[in-house]
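Hello,

Here is the structure I promised to pass on. Please look it over first; my notes follow below.

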Amino acid sequence: MNTDLNCDLCEKKATVFLTQIVGNKMQKVNLCESCSSQQGVTDPAGFALADLLTGIGSEKQLPRPSAPEDSVCPECGFTQSDFKKTGRFGCPSCYRVFRDSLDTLLSTMHRGTSHAGKVPSTFSLRDESESVLSELKQSLDVAVDKENYEEAARLRDEIRKIEEAVRQES
Amino acid sequence: MKFSTLLRKPAEWMEHAGPHGDIVITSRVRFARNVVGFPFPGWAEKSDRSSTLEMIRPVVEGLPEMKDAFSEELSNLNAMRKQVLVERHLISREHAARSTGSAAVMNRRQTLSMMINEEDHLRMQSLQPGLNLKAAYKALDKIDTSLESDLEFAFDRKLGYLTACPTNLGTGMRASVMLHLPALVLSDQIGQVIQAANKIGLAVRGLYGEGTEALANLFQISNQHTLGMAEDALVTRLHKVVEQIIENEKNARLKLMEDKLSMLRDQIGRAYAILRFAHVIPSKEALNLLSMLRLGMDLGFFPYEYRSEIDVLLMEIQPAHLQIAAKSKLDAQERDVLRAEIMRRKLKSLPEPDSVNPGDEDSAPETEDDAQP
C-alpha cells in the first residue's frame, strides 16, 4: 500500500513531518520541501504550527505562487491545480507556462517528447521567436524579482539577440 | 443540405465495401486543431466560444469538399438528431452533449465531418470504407493544409499542434479502423490480439457496449501516441497491424470451418431464425445476431449481395435511427418491437443458410475450397 503523505499546502509529496504541542494540544503537519522552507519550518523560533494550520484553506494567507507548480497562465488564468482536476489545459499559451512540469507526463503518455510530424506552412521564425521571447521575458522578471542580477543580464542579452535576428529577417 | 436529406441517404461506407470489406468496416483519421489567441472550448467563456465558432465555421463551410454540406449549430439540433449523428460516427458523444457555441459540418457523402468547439476548437475527421487509412489521411491532410491559409493553428516546434488534452499533442492525429472479428471472438483469441496491440501502443476497444464487452464483434483499433512519431509513420504502422489482424481473423475463420462446422452452422442458423421471425428484439441481441449473419455471408452461407443490407441494418436498428424512422419518441419496449419488425421486413427475401453450400464459388469469395470438410 502507498503510504506517501502529501503536503498540506500543495499536493507534492511531503518530506517534512512536524508535530508540535501547543498548550495541551498536539498538532501534526506534513509539508513538502519547498513549502516547509517558505513557511520557515526550518527556523523553529519563527514558526507556529497553529498559524499555519489556520491558514490552510483560506487563500489570502497562503503564500503567493512563485514556484512553477503554482503558476497561473497570464493569457487565460488557468492554474496547475486546474490541470490536476481536469487533465486538460486552458489555452495554447498554457503549454509555455506549465512546460517545465510537463516532460515527465509526456514521456509516459507518448513515444517521445518532441514533435516529428507536420509543420504548418505558416509557422515562421517570427512566431517561434515570439514564444521564446515571452518565455525569456518571464524568466527575466523572475530573476529581477529575486535580485539575481547576473542571470537577469544574461537573459537581457539573449532577448536582444533574438529581437535583432527577427528585425533582420523582416 | 437539410437534416432529412442527410438522414435519407446512408453513409457511403455503409453501402460500398472498401478494401478488405469483409473484415474492415471503416478507416478513420481525425485531426485536432486549435486557433491561437483563444482558450480551449472547455475553459472558454461563452463569448470566446462564439468568437472561435464565427471564425472557423465560414472557413470550413467554404472548403470545396464541403459543397452542399450539412452544417448546423448544436443548439439547433434536438437530442434525437444529435444521437443519430453519433450513431453514424459523424460527431462524438462529447460533442453531442454541447450546445451553444458548437457546430457540426459534414459533407453529403458523410466521408468528412468537422466538429467545431468540441474538446478542441476544430476536430476534423475523414472516413473511408474498408481498410483505406492512407486515403483517409491524405484527404484530411489536404484539407488541413488549405485551412492553414485562413486559420492560424496553435503550434509549437517541440510539442507540435497544441491541444486541450496533452494526450493529443504533436500530430493531433488519431487514426482508427473498425474491424469485424467474430471468429477471433468465437475461438477465444481476441484477448491475445488486444494485448499484443496494446503492447505496441495501439488501443483496442469494443465499438458498442461498455468496458470489455464488444457488441456485434465490432472493434476499434487506434494509435495511442500522437507525439514523437510522424503522421505517415503512425498510419503505416496501424495499417500493418490491421493487416496482421485480418490475417489472424481469416485463419480463425478457416479453422472454425474445419474444426467446428456444426457449431458455426448452429450459430448462423439460430441468428437467421431469430432475426427472421422474432417480434421483440433488444438492441444488444440484434447486434450480436447481425454479426453472425455477416459472418455467414463472408463464409458463403448466404448470397453475397445481401452484405450491404446487413451493414445498413447494423446502423438502422440503433435507438435514435429507429425513433427518427418511426417519427416519434419510443420507449425501450416499443423500440424492441419496431426493431424486430424492420428485421423481419428487410431479411424476408434472405434465403435459408442451408440452401446455399458454403464454399460455392459465386457466393463465397473469401472462403477457400479446402475449408470444406
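**Cavities, pocket, cores and interface**

The second largest cavity has a lining made of B:Leu179, B:Leu181, B:Ile190, B:Val193, B:Ile194, B:Val204, B:Phe219, B:Ile221 and B:Ile245. A cavity here is a set of points, on a 1 Å grid over the protein atoms alone, where a 1.4 Å probe fits but cannot get out; lining residues have an atom within 4 Å of a point. Helix H8 (190-199) and strand E10 (218-223) of chain B are the elements that give two or more residues to this lining. H8(B) gives the most, with three residues. Helices (H or I, at least four residues) and strands (E, at least two) are DSSP runs, numbered from the N terminus. By class, the lining holds nine nonpolar, no polar and no charged residues. Nonpolar covers Ala, Val, Leu, Ile, Met, Phe, Trp, Tyr, Cys and Pro; charged covers Asp, Glu, Lys and Arg; the others, Gly among them, are polar. The space in this second largest cavity is about 40 Å³. A volume is the space filled by probe spheres set on the points, and grid points are joined across faces, edges and corners.

A word on the ground rules. This is a predicted model: local features need pLDDT of at least 70, side-chain atom pairs count only at pLDDT 80 or more, and totals for chains, interfaces and linings use all residues. Residues are numbered from 1 along each chain as its sequence is written, chains are lettered from A and ligands numbered from 1 in the order in which they are written, and side-chain values use heavy atoms, with hydrogens and water left out.

The count is two cavities of 30 Å³ or more.

B:Asp311 sits in helix H12 of chain B. Is B:Asp311 buried or exposed? B:Asp311 counts as buried because its relative accessibility is 9%; the cut-offs are under 20% for buried, over 50% for exposed and partly exposed in between (1.4 Å probe, protein chains only). Not counting residues up to four places away in sequence, B:Asp311 touches B:Met14 and B:Arg294. Contact means heavy atoms within 4.5 Å.

Now the open space. The largest pocket holds about 1,300 Å³. A pocket is an open set with protein on both sides within 12 Å along at least five of seven lines. Of its 40 lining residues, B:Ser92, B:Arg93, B:Glu94, B:Arg205 and B:Gln220 are the closest to its centre. The pocket lining has twelve nonpolar, 16 polar and twelve charged residues.

Next, the cores. The largest nonpolar core has 101 residues, and B:Ile221 and B:Leu293 touch the most other members. Such a core is a set of buried Ala, Val, Leu, Ile, Met, Phe, Trp, Tyr and Cys residues joined through side-chain atoms within 4.5 Å. A second, separate core of 19 residues includes A:Cys94, A:Tyr95, A:Leu102 and B:Leu159.

Last, the interface. Chain A contributes 34 residues to the contact and chain B 41 residues. About 3,200 Å² is buried between chain A and chain B, with 58% from carbon and sulfur atoms. Buried area is the accessible area (1.4 Å probe) that two parts lose on being put together, summed over both. On the chain A side, A:Arg111, A:His115 and A:Lys118 lose the most area to chain B, together 23% of what that side buries.

Best wishes
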